[in-house]
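Dear colleague,

I am handing over the structure we spoke about, and I would be grateful if you could read the notes below with it open in your viewer. They go from the overall layout to the individual elements.

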Amino acid sequence: MNFTLLNMQRTIPIIVCFIFGFFMLVQFFVPHRASVSAYQTVLDWMQIIFVFTLLVGVFSYIKINSKKITQTQSGWGYNLIGLAGLVVMVVLGFWKGIGEKTPFLWMFNTMQAPMQSTMFSLLAFFVASAAYRGFRARSWEAGLLLLVAVIVMLGRVPLGSFISHWIPDSANWILRTPSMAAKRGLYIGIGLGTISTSLRIILGIERTYLGKK
Amino acid sequence: MTKLRFVIFLLPFSIFLFYVSIVHTQNSVNLKAIDTPNDKGESITLTVEGLSEDSTIGEYEIWRSTENDENFQLVAKVSSKQTNFVDTDVNDGIKYLYLLKYKKGNEVLVSPVVGPVISRGQWFHTQRTNVLGGALVLFSFILGFVWYAKKGKNLYIRPIAGLQAIDDAIGRATEMGKPILYSSGLGKMDRVATMASMNILSSVAEKTAEYNTPLIFPNYDPVVMTTAQEVVKEACSRAGHPDAYHPDNIFFVTQSQFGYAAAVDGIMTRQLPATNLFLGTFEAEALILAETGNSIGALQIAGTDSTIQLSFFIVACDYTLIGEELFVASGYLTQDKQVLGSIKGQDWLKAIIVLLILIGGILGILGFNYFITFFNVG
C-alpha cells in the first residue's frame, strides 16, 4: 500500500507536468480557438490556485511569527509589529472596505507606500557604493570599465553634450554595439538554458523540484 | 431636328464615356477577401487596392451579405487611406460576399462583389514553421546527448567558479558557526530560473544537512515556499540527517517587492549569515540585498536570468553565475549523466547558433537578406 502511494506521489506530478508542459508547447503552434480557449482556461486556473496558495503563505507567516513572539526570541518585537500589521489590515479591510476614504486605504497610502518608497530610495545609495567598488581601477580591465562607465554616464546627461558631441555619440555606440552584443550573447545562453531545463522537467529527467533526485 | 442630330451625334460618345467609367470602376478598385491566416477563426481580411491613391475619395463603405442572402448590410465605413480591414463580426463556416461603395464627386460607385469567403480557425501557425523546425533540431540534440550520456559516456563540462565556490561557502558558514541565507528572489514556480534555483537548493541542503549548518530561506511566493520545504526535507533525508530539516527556517515573508527586500535585509543584519546565495529571478531589490550582504561581510554567490540585475550582482557579490550557468548548476552539482547530456546538447546548439549568426552577418553584408528573414517569427 505504502509502496503504491509512494509511486503515485512520484509519478502523478510527473505525468501532470508532462501533459501541461506538452500542451503549452503545442498551443504555441496552434492558433485555433480551441487551443486559445484551453490556454486561457489554464491561465485562469493558475490565478485561482494562486489565490488559495496565498492562504498557505499567510498561515506560515502567522505560525512563524507567533512562535517567535511566544518564545520571546531575539527581535520578537519586529514579529509582533508584523503580525499586528497583518491583523489590523485584514480587520480594517473587512470592516470598512478597501475603497476611497477608508481606513484601509489610508493605512496603505500613509504607511505601506512610504515604507516601500523608502526601501526603493535606498537603491540610489547602494548604486553609489557598488559603483565605487566596481569602478576602482585595480587592473587594466577595471580601468577600462571605469573609462567606459564615465563615457556612458557623461553621455546620458546634458553635461556630456556641453563638453563635446563625441561623448553622447560614443555612449550611444557603446550601448548599441559592444554592450548589445554582450547582452545578446547572454540572451542566447539564457534562452537555450531555459529550453533545455524546461525539456528536462517536461520529460521527467529533472525531478529535483519534486524533492526527488 | 437640330436637337435630334445633336443627340445622335453625342450618343456614341456618351456610350463610350459610360463604358469607360464602368471599366474604370471595375479595374481601378481591386477588392480581395480572404480568411484571415493563422488566427483562431471568426475573422475575414479585406484588402482594397486603388482607392488610397485617389485624394478625392474620403472614405469607403464595406458591405457584406451571406451567399443565400441578396441584401447587403453595411459593415463599416473606412478611411480611403486604410487598405486593410479585418471583419471580426463573422461566424465560422458561413459563406460571405463583400462589396465596396464609395463616393467620387457626386457619383456613388460600387465595386464588383467578391466571395464567397469562409472564415475558419487554423490548426497550425504557418509563420511559426521555422520555430517548429528549430525546436525539433534543439530537442533532437538535447535528447540525443541525453541518450549518449545514458550509455555511460563521460561528458566534460568546463569548471564554473561560482558553482565550485558553493562547497567553500558552505564550509565557511560551518566553520564560523553561522547560518546560510538562501533566496530565490521574486520568481514564482512558473519561472524556469526558480526551478533551476530549486535544483541548486537540493544540493546545497544536502551539504548543509551533512555539516548541520542552518539554512534560512525567506520566501516571496507561498508555492515556492512549499516546494522548497519539500526539496530541503528530501535532501536532508538523502544526506542521512532527516533531523537537520527545520521547516520554520523556510518561511513566507510577503508578496511586496520592497517589503521582501526589507525583511531579508533585516534577517541579514540580525542573524549575520556567513554565506548568502541569491539564485533565481531578481528585480530592483537585487542590489539592495547584495549590498546589505556585502556590508555584513558575507560570502555571496548570485545567479539570475535577469540581464539587468546581473551587473549589480557582479559588482556586489563574490561569485556570479552568468547566463546559462544558473541552468546548468543542477547537472554540474549532482553530476547526473542525463542532465549533463542535455547540457552538452545545449552547448552544441550554442555553437550552431554562433555559426548561423556568422553566416547571417556575412550574407547580410553581401545583401542576401533571405537568410535573415527566414528567422522572422509571426
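**Layout of chain B**

The C-alpha centres of domain 1 and domain 2 of chain B lie 61 Å apart. Please keep in mind throughout that this is a predicted model. The domain assignment of chain B places residues 21–118 in domain 1 and residues 155–335 in domain 2.

**The parallel sheet and its helices**

Within chain B, six strands form an open sheet with parallel pairing, and their order is β11-β10-β9-β12-β13-β14. Because β11 (250–252) and β14 (319–321) of chain B each have a single partner strand, they stand at the edges, and one side of each is left without a neighbour in the sheet. On average, and with direction ignored, neighbouring strands of this sheet are turned by 15° against each other.

One pairing in this sheet joins strand β9 (residues 180–185) of chain B to strand β12 (residues 275–281) of chain B, in the parallel sense and over five bridges.

How far apart are the axes of α4(B) and helix α9 (residues 325–334) of chain B, and at what angle do the two helices pack? The axes are 8 Å apart, and the packing angle is about 25°. Since angles under 35 degrees count as roughly parallel, α4(B) is therefore described as roughly parallel to α9(B). The crossing in which α4(B) passes α9(B) is left-handed. On the side of α4(B), the contact is made by A193(B), A196(B), N199(B), I200(B) and S203(B), while α9(B) contributes L326(B), F327(B), A329(B), S330(B), L333(B) and T334(B). By class, the residues of this contact of α4(B) with α9(B) are seven nonpolar, four polar and no charged.

**The antiparallel strands of chain B**

A second open sheet in chain B has three strands in the order β1-β2-β5, and here the pairing is antiparallel. Its edges are formed by β1 (30–35) and β5 (84–87) of chain B, each with a single partner strand, so one side of each is left without a neighbour in the sheet. Neighbouring strands of this sheet are turned by 20° against each other on average, direction ignored. Strand β2 (residues 44–49) of chain B runs antiparallel to β5(B) and is joined to β5(B) by four bridges, with D87(B) in β5(B) as the bridge partner of I44(B).

Strand β3 (residues 59–66) of chain B pairs with strand β4 (residues 73–79) of chain B in the antiparallel sense over six bridges, and W63(B) stands opposite L74(B) in β4(B). These two strands, β3(B) and β4(B), form a hairpin with six residues between them. Strand β3(B) is also joined to β6(B) by seven bridges, and the two run antiparallel; in that pairing, E61(B) stands opposite K101(B) in β6(B).

Strand β6 (residues 95–104) of chain B pairs in turn with strand β7 (residues 107–110) of chain B, in the antiparallel sense and over four bridges, and Y102(B) stands opposite L109(B) in β7(B). A hairpin is formed by β6(B) and β7(B) with two residues between them, and G105(B) in the turn has a positive phi of about 70°.

**Where chain B meets chain A**

In the contact between the chains, 66 residues of chain B meet 50 residues of chain A. Helix α5 (residues 222–238) of chain B supplies the largest share of the side of chain B that touches chain A, namely 10 residues. By class, that side of chain B has 34 nonpolar, 19 polar and 13 charged residues.

Between the chains, helix α4 (residues 103–134) of chain A and helix α7 (residues 285–295) of chain B pack at an angle of about 60°, with their axes 9 Å apart, and α4(A) and α7(B) are therefore oblique to each other. The crossing of α4(A) and α7(B) is left-handed.

With kind regards

Note on methods. Residues are numbered from 1 along each chain as its sequence is written. Chains are lettered from A and ligands numbered from 1 in the order in which they are written. This is a predicted model: local features need pLDDT of at least 70, side-chain atom pairs count only at pLDDT 80 or more; totals for chains, interfaces and linings use all residues. Two residues are in contact if their C-beta atoms, placed from the backbone, lie within 7 Å. Ala, Val, Leu, Ile, Met, Phe, Trp, Tyr, Cys and Pro count as nonpolar, Asp, Glu, Lys and Arg as charged, and the others, Gly among them, as polar. Two strands pair if DSSP finds at least two bridges between them. Axes are lines fitted to C-alpha atoms, for helices over the stretch in contact, and angles run from 0 to 180 degrees between N-to-C directions. Domain bounds come from an automatic or database domain assignment. Angles under 35 degrees count as roughly parallel, over 145 as roughly antiparallel, 65 to 115 as roughly perpendicular and the rest as oblique. A crossing is left-handed if the near helix is turned anticlockwise from the far one by less than a right angle, and right-handed if clockwise.
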